[in-house]
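Me: I am new to this structure. Please walk me through how its parts are named and judged.

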Amino acid sequence: MATYLVTGTNRGIGYEYCRQLLFVGDVVIAVCRSASFELKQLGLRVEEGIDITFDTSVASLCDRLGDTQIDALINNAGILKRVTLQDLDFESIREQFEVNALGSLRVTHTLLPLLKTGSKIVLMTSRMGSIGDNTSGSSYGYRMSKVALSMAGKSLAHDLKPRGIAVAILHPGLVQTRMTNFTSGGITPEESVKGLLARIDQLTLENTGTFWHANGEVLPW
C-alpha cells in the first residue's frame with residue numbers, strides 16, 4: 001500500500017486517478033480548489049481550497065500534511081485555453097504558465113520534504129508540448145506552458161536522482177474530458193489512467209526523466 005497525492009482531482013483524469021488508486025487499496029490524498037460531489041463520494045482524504053498558483057496556499061497544504069510521507073506525487077492540475085495567432089491573449093498565456101508550469105513546480109518544491117528515497121514524482125504534460133511533434137501550430141499558451149513543464153521535469157529528474165527520487169513526464173493521450181469538450185475521437189479517462197499508472201509503475205531511477213505517452217510510447221521533445 002502506497003500513499004499518493006494527486007492535484008486537480010475534482011473531475012476528469014485527476015478524479016479517475018483517485019478512483020483507480022483507491023480500488024487497488026492505496027492511500028490517496030486528493031488536492032483541489034473545490035471538491036466535486038463525485039470526489040467526496042469516493043470517501044478519501046480531500047484537501048480543498050488549494051490554489052497552486054499561490055505560494056501561501058501551497059505552503060498551507062504542506063502544513064496540513066504534517067509529517068505525512070508521500071510515495072508518489074502526481075501533479076495533474078492544469079488548464080487549457082485556446083490562444084491563436086489571430087487572437088493572441090497574453091494574459092491567458094501567462095495564466096497557463098502559472099498553472100501548468102509554475103504551479104506544478106511550486107507544489108513539487110514545497111512538498112519535497114515529504115518525499116523519500118524511492119518516492120516518485122509525476123508531471124502531467126502533453127504531446128502538445130512536444131516541439132518535434134508540433135505539426136499544426138496555434139494553442140500558444142498551452143503548448144508553451146507544457147514545454148516549460150517538461151523542461152522542469154527533466155531538470156528535476158537530474159537534480160533528484162542522487163536523492164533516489166524518480167520523475168516521469170507523462171502525456172495522457174487525447175482524453176474525453178471537459179478540458180477537451182469530451183472529444184469523440186478520444187479515449188476514456190479510465191483507459192488513460194490505466195496506462196498512466198502502468199507508466200508510473202515502470203518508473204525507475206534508470207529511466208527517470210522520460211517523456212512517455214500513456215500507451216508506453218516514448219515521445220519526441
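Reply: This is a predicted model.

Me: What makes strand E4 and strand E5 a pair?
Reply: Pairing takes at least two bridges. E4 (residues 70-75) and E5 (residues 115-124) have five bridges, in the parallel sense. So they count as paired.

Me: Which order do the strands of the sheet follow?
Reply: Seven strands form an open sheet, ordered E3-E2-E1-E4-E5-E6-E7, with parallel pairing.

Me: Why do E3 and E7 stand at the edges?
Reply: Strand E3 (45-47) and strand E7 (210-213) each have a single partner strand, so one side of each has no neighbour in the sheet. On average, neighbouring strands are turned by 20° against each other, direction ignored.

Me: Where does helix H1 lie, and at what angle to E1?
Reply: H1 (residues 12-23) lies across E1, E2, E4, E5 and E6. Its angle to E1 is about 165°.

Me: How do you know how H4 and H5 are oriented to each other?
Reply: H4 (residues 90-111) and H5 (residues 140-160) pack at about 20°, with axes 7 Å apart. That angle makes H4 roughly parallel to H5, because the cut-off is under 35 degrees. Their crossing is right-handed.

Me: Which residues meet there?
Reply: Among them are Ile93, Phe97 and Leu105 in H4, and Tyr140, Met144 and Leu149 in H5. The contact residues divide into ten nonpolar, six polar and one charged.

Technical notes
Residues numbered from 1 in each chain as written. Predicted model: local features only at pLDDT ≥ 70, side-chain atom pairs only at ≥ 80, totals over all residues. Heavy atoms only, no water. Axes fitted to C-alpha atoms, helices over the stretch in contact; angles between N-to-C directions. Helix = DSSP H or I, 4+ residues; strand = E, 2+ residues; numbered from the N terminus. Parallel < 35°, antiparallel > 145°, perpendicular 65-115°, else oblique. Left-handed = near helix turned anticlockwise from the far one by under 90°. Contact = heavy atoms within 4.5 Å. Nonpolar A, V, L, I, M, F, W, Y, C, P; charged D, E, K, R; others polar.
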